[in-house]
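The sequence and the model are shown first, and the description follows.

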Protein chains: 2
Amino acid sequence: MSDTEIRYDVLGIGNAIVDVIAQCEDSFLQDESIEKGGMTLIDEGRAKQLYRAMGPAIEASGGSVANSMAGVASFGGNAAFIGKVHDDQLGEVFVHDMRAVGVACDIDGATSGPATARSLILVTPDAQRSMNTFLGISSLLEPTDINTELVGRSTLLFCEGYLWDIESAKKAIRYAMKTSLESGNRVALSLSDTFCVDRHHAEFCDLVAGPVDTLFANRDELLRLYETDSIESAFEQVGDQVALACITMGTLGSMLIDNGRQIKIPAYEVGQVIDTTGAGDQYAAGVLYGLSQGRPLEECGRLGSLAAAEVISHVGPRPLAPLSGITTDTAKVDARSWVSE
Amino acid sequence: MSDTEIRYDVLGIGNAIVDVIAQCEDSFLQDESIEKGGMTLIDEGRAKQLYRAMGPAIEASGGSVANSMAGVASFGGNAAFIGKVHDDQLGEVFVHDMRAVGVACDIDGATSGPATARSLILVTPDAQRSMNTFLGISSLLEPTDINTELVGRSTLLFCEGYLWDIESAKKAIRYAMKTSLESGNRVALSLSDTFCVDRHHAEFCDLVAGPVDTLFANRDELLRLYETDSIESAFEQVGDQVALACITMGTLGSMLIDNGRQIKIPAYEVGQVIDTTGAGDQYAAGVLYGLSQGRPLEECGRLGSLAAAEVISHVGPRPLAPLSGITTDTAKVDARSWVSE
């Protein structure tokens with residue numbers, strides 16, 4: 001089968017980022033005025049200053065939707081990715097790591113413009129990650145970067161809310177969503193971050209009421225989207241708007257809302273939580289892989305929980321072990337029961 | 001105290017390398033004709049070909065003696081490092097990670113010549129690491145790179161056997177050793193690798209009989225140095241030649257030979273061995289730190305074992321937790337008894 005005949009399970013469009021991960025104490029976040037648990041966009045000057053101040057790090061390919069595509073491929077799915085890197089060493093690392101796990105990633109590094117994006121991620125002793133992202137060339141995504149033929153061949157399109165900060169990238173994503181729907185495919189969106197939801201509230205509401213049929217969000221992002229404190233109210237509203245909502249609740253597990261029907265999914269037990277970077281991304285990977293294979297929704301949710309449990313048990317935002325080796329039968333279910341609050 | 005007045009506990013001279021670490025099956029090593037457990041020097045073309053073939057990776061600053069200096073600093077010692085990087089992203093990563101852990105590392109990246117060195121490290125399911133190193137600019141170390149004033153201010157000089165592959169680097173190291181001894185300081189050498197010992201046998205014998213007073217080697221490297229199959233005979237010979245020999249024996253622990261007197265050091269228990277990259281380097285870090293603080297030799301050996309146990313419990317060649325937080329009192333001693341064979 002030639003490359004142009006392959007049908008992809010999931011095509012991701014997102015930031016192409018290399019993570020620079022260091023451990024730190026909570027006092028470091030305070031000294032550097034970093035919002036714990038969030039993602040802050042920083043410019044090159046701040047990136048240099050913060051990098052100088054932070055401890056020894058490891059580098060690992062990241063980017064929210066890119067992480068999810070690596071997860072889908074790790075499960076054995078056919079995944080593809082669209083994003084932008086520079087022709088530099090970190091750009092080479094990003095593209096290598098996508099291809100090495102089996103994601104179709106037809107990106108040539110740009111020879112001019114800003115450097116490849118990096119996110120300076122500080123992991124506190126409670127395993128929480130606080131991200132400080134210099135977007136570099138990743139933010140220059142535009143409609144001409146969207147391979148419409150590839151979009152047409154992909155059962156699911158998965159888009160990153162983080163990309164909504166950039167005008168040309170918004171246009172690129174709207175264009176991709178339109179193309180996907182016109183080809184009879186499915187459109188998924190991740191809300192990415194509470195600050196992201198606040199910054200782009202009207203537009204995110206518009207997307208959820210419009211082209212998006214599958215939504216990924218955590219509890220806080222969902223509450224911000226519907227400007228409510230009641231999770232039950234938010235569940236009801238999102239159930240009326242999208243065909244499938246996948247809402248993560250941390251240690252409480254997750255909730256799938258299938259045309260209004262609520263399905264509770266437990267979290268899986270992890271020996272020691274080391275670094276929560278990538279937990280939501282890998283949850284999405286498991287659900288998207290399951291959906292693409294036509295698995296029952298409850299199993300899709302459990303695959304998401306399993307992938308998230310794998311990634312928080314080590315440093316780095318992507319699976320270390322092939323996810324195709326895990327099954328929902330063999331994993332231990334966390335004793336903590338799901339609480340709807 | 002100004003920078004030129006600081007006295008350093010240990011000054012390391014070695015390769016400045018960024019490790020690119022991927023997991024693989026044993027069959028991959030066979031397919032790629034890679035010698036398991038060893039270090040193979042590769043050129044840029046082979047580095048590109050092997051990188052394309054290998055799985056997703058993480059990047060972490062490495063280099064044998066550089067890892068040891070990061071370990072000494074992590075214990076709270078004053079460490080410095082001399083080596084060469086290019087002015088590229090991986091060079092920036094290397095220098096950042098040294099400075100971030102507190103190693104004095106006064107390196108400006110070269111703006112011409114080869115790229116910063118990288119080692120493609122393949123970790124098999126048994127946690128063994130097989131290294132494939134493209135030395136790049138690291139191999140261009142020469143006598144003018146040796147800051148003699150810094151050598152004079154460093155209680156211990158620690159040199160990397162791996163550097164012996166390059167003519168100008170040999171001259172640089174011999175020059176540094178001479179300067180160190182003339183300043184009344186101590187000279188340590190790591191034999192680095194069995195292939196290294198084979199390639200440079202006569203010269204390594206000459207160094208051990210000459211300027212080197214403290215030797216680091218594993219069991220196999222020591223046997224090759226003395227061209228014997230009897231570890232007891234090798235212990236006797238090395239005891240006659242150097243003031244202190246520190247011989248690692250993997251899970252069997254290590255042996256310190258203090259002017260001929262043998263001191264057995266146990267290995268420490270590790271829950272799960274994940275990646276043995278850096279085990280020997282961190283053992284050396286613990287011993288060198290202990291020596292620099294005037295600790296009893298048995299305690300120096302135990303600090304080495306503790307540091308090695310920390311580093312093999314996670315991916316990457318340098319400590320994740322500050323080693324200053326571990327003590328020889330709190331650690332559990334491995335139940336396996338030391339066997340002299």
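How many residues has the largest nonpolar core, and which residues have the most contacts inside it? The structure is a predicted model. Its largest nonpolar core has 215 residues, and those with the most contacts inside it are A:Leu288 and B:Leu288. Apart from neighbours within four places in sequence, B:Leu288 is in contact with B:Val10, B:Ser68, B:Val72, B:Leu156, B:Phe158 and B:Ala188.

**The sheet of chain B**

Chain B contains an open sheet of eight strands with mixed pairing, in the order S5-S1-S8-S9-S10-S11-S12-S13. Strand S5 (79–82) and strand S13 (261–265) of chain B are the edge strands, each of which pairs on one side only. On average, and with direction ignored, neighbouring strands of this sheet are turned by 20 degrees against each other. Helix H12 (residues 297–311) of chain B lies across strand S12 (254–258) and S13 of chain B, and its direction makes an angle of about 35 degrees with S13(B).

Is strand S8 (residues 154–160) of chain A largely enclosed or largely open? Seven of the seven residues of S8(A) are buried, so this strand is largely enclosed by the rest of the structure. The table lists strand pairings that involve S8 in the two chains.

| Strands paired | Sense | Bridges |
|---|---|---|
| S1(A) (residues 8–13) and S8(A) | parallel | five |
| S8(A) and S9(A) (residues 186–190) | parallel | five |
| S8(B) (residues 154–160) and S9(B) (residues 186–190) | parallel | five |

The bridge partner of A:Gly12 in S8(A) is A:Phe158, while A:Leu157 stands opposite A:Val187 in S9(A). From S8(A) the chain passes through helix H6 (residues 167–182) of chain A to reach S9(A), a β-α-β crossover that is right-handed. In chain B, B:Leu157 has B:Val187 of S9(B) as its bridge partner.

**How the two chains are related**

Two copies of a chain are related by a rotation about an axis and a shift along it. Here, chain A is superposed on chain B by a rotation of 180 degrees with 0.0 Å of shift along its axis, at an RMSD of 0.0 Å. This is the relation of a two-fold axis. Within chain A, A:Glu59 has the C-alpha nearest the axis, 2.4 Å from it. Of the interface residues of chain A, 100% are also interface residues in chain B, so the copies meet through the same surface.

Key. Residues numbered from 1 in each chain as written. Chains lettered and ligands numbered in written order. Predicted model: local features only at pLDDT ≥ 70, side-chain atom pairs only at ≥ 80, totals over all residues. Pairing = 2+ DSSP bridges. Helix = DSSP H or I, 4+ residues; strand = E, 2+ residues; numbered from the N terminus. Axes fitted to C-alpha atoms, helices over the stretch in contact; angles between N-to-C directions. Contact = placed C-beta atoms within 7 Å. Buried ≥ 20, exposed ≤ 12 C-beta atoms within 10 Å, placed from the backbone. Right-handed = clockwise from strand over helix to strand, strands pointing away. Core = buried A, V, L, I, M, F, W, Y, C linked by C-beta atoms within 7 Å. Least-squares fit on C-alpha atoms with pLDDT ≥ 70 in both.
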